Amino acid sequence: MKVLIIGCGKFGVRVSECLTRTNHDVTIIDNDPEAFLALGEGFTGRTLCGVGYDRQVLEQAGIAAADVVISCASSDSLNAVVAHIAKNIFHTPTVIARMYDPVRARLFESMGIYTVSITRLGVDNVMGYLEANKSWRVVQKLGNEDVQLVKVRVPAALSGTKLADLEVEGRMKPVALERQGHSLLPEAETQCEYNDLLYLAVQKDYLKQARDQLQL
């Protein structure tokens, strides 16, 4: 995944190093160039010096193509601004904000923005959340494991595709869809929308072909 992190404090350093160790493409922004000195030698991502809520800086960092934006500056207000920009202007699929204020955190959760606390627990929460929400995940192996239930986050390239067109007889079949927090059973004319969560029953020997077909 392409991950954009705003804030190179202790939290930002830890989460960025965890993400680069697991082969994610990471860019981290901070307005203090000396903050990047805290990054370990194992950090293989990109650093960018600038104001984290500046739209031009965010665009330079690649927010338009980001799968995830994590705003973990020391200010709740700054994190709120960045989360708003990512969620409502650039429509980033996954937005995470660190919040000290529990009231503001609950408000952001209601808007579909995942919030975390500080330090080690927060890093574990971020990694767990990203693992649960990655674009492809086997959620259940059925019976002798020849059929597997796969959870897929619909990419932009499949937006508008009919679910019927994704079915491969005897190999892959859409079985359920989550959209904006609501679940539904798919019908033949149901069309995918970007960032839907799609559940598919897939034959074990067809998993690779299924990923290729879904452009993941």
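A salt bridge here is a side-chain nitrogen of Lys or Arg within 4 Å of a carboxyl oxygen of Asp or Glu. Keep that in mind for the first stop. The model on your screen is predicted.

**Stop 1: Asp196 and Arg179**

Select Asp196 and Arg179. Their side chains meet in a salt bridge, at 2.7 Å from N to O. The pair links distant parts of the chain, 17 residues apart. Asp196 sits in the loop between strand 10 and strand 11, while Arg179 belongs to strand 9. Is Asp196 buried or exposed? Its relative accessibility is 3%, so Asp196 counts as buried. Salt bridges with shared partners join Arg179, Glu193 and Asp196 into one network.

**Stop 2: two further salt bridges**

How many salt bridges does the structure hold? There are 8. Side chains of opposite charge can pair when their charged atoms come close.

Select Lys162 and Glu189. These side chains form a salt bridge at 2.8 Å, N to O. Again the pair links distant parts of the chain, here 27 residues apart. Lys162 is in the loop between strand 8 and strand 9 (172–179). Glu189 is in the loop between strand 10 (182–184) and strand 11 (197–203). Lys162 has 29% relative accessibility, so it counts as partly exposed. Glu189 reaches 55% and therefore counts as exposed.

Next, pick Asp25 and Lys2. Their salt bridge spans 3.1 Å, N to O. It links strand 2, which holds Asp25, with strand 1, which holds Lys2; the two residues are 23 apart. Asp25 counts as partly exposed because its relative accessibility is 41%. Lys2, at 40%, also counts as partly exposed.

**Stop 3**

Switch to a cartoon view. Look for an open sheet of 6 strands in the order 3-2-1-4-5-6, with parallel pairing. Which strands stand at the edges? Strand 3 (46–49) and strand 6 (114–116) do. Each has a single partner strand, so one side of each is left without a neighbour in the sheet. On average, neighbouring strands of this sheet are turned by 20 degrees against each other, direction ignored.

Zoom in on strand 1 (residues 2–6) and strand 4 (residues 68–71). They pair in the parallel sense over 4 bridges. Select Ile5: its bridge partner in strand 4 is Ile70.

**Stop 4**

Show helix 3 (residues 76–89). It lies across strand 1, strand 4 and strand 5 (94–98). Helix 3 runs at about 175 degrees to strand 5.

Now select Asn79, which is in helix 3. Its relative accessible area is 0%, so Asn79 is buried. What does its side chain make a polar contact with? The partner is the side chain of Ser71, at 2.7 Å. Leave aside neighbours within four places in sequence, and Asn79 is in contact with Ser71, Cys72, Ala73, Ala97, Arg98 and Met99.

**Stop 5**

In soluble globular proteins, nonpolar side chains tend to be buried together. Select Leu4, Ile6, Ile29, Leu58, Ile63 and Val69. Within the largest nonpolar core, which has 22 residues, these touch the most other members. Strand 1, helix 2 (55–61), helix 3, strand 5 and helix 4 (102–110) each supply at least two residues of this core. Which element gives the largest share? Helix 3 does, with 5 residues.

Centre the view on Leu4. Beyond its neighbours within four places in sequence, Leu4 is in contact with Thr27, Ile29, Leu58, Ala61, Ile63, Ala66, Val68, Val69 and Ile70. Then move to a second, separate core of 19 residues. Its members include Cys8, Val26, Phe36 and Val116.

**Stop 6: two loop residues**

Finish with two backbone details. Select Asn23, in the loop between helix 1 (10–21) and strand 2 (25–30). Asn23 has a positive phi of about 70 degrees, although it is not a glycine. Its relative accessibility is 71%, so Asn23 counts as exposed.

Then select Glu145, in the loop between strand 7 (136–142) and strand 8 (147–153). Glu145 is not a glycine either, yet its phi is positive, about 75 degrees. With 34% relative accessibility, Glu145 counts as partly exposed.

Methods. Residues are numbered from 1 along each chain as its sequence is written. This is a predicted model: local features need pLDDT of at least 70, side-chain atom pairs count only at pLDDT 80 or more; totals for chains, interfaces and linings use all residues. Side-chain values use heavy atoms; hydrogens and water are left out. Buried means under 20% relative accessible area, exposed over 50%, partly exposed in between (1.4 Å probe, protein chains only). Two strands pair if DSSP finds at least two bridges between them. Axes are lines fitted to C-alpha atoms, for helices over the stretch in contact, and angles run from 0 to 180 degrees between N-to-C directions. Contact means heavy atoms within 4.5 Å. A polar contact is a pair of N or O atoms within 3.5 Å; within protein, one must be able to donate a hydrogen and the other to accept it, and residues adjacent in sequence count only if both atoms are side-chain atoms. A nonpolar core is a set of buried Ala, Val, Leu, Ile, Met, Phe, Trp, Tyr and Cys residues joined through side-chain atoms within 4.5 Å.
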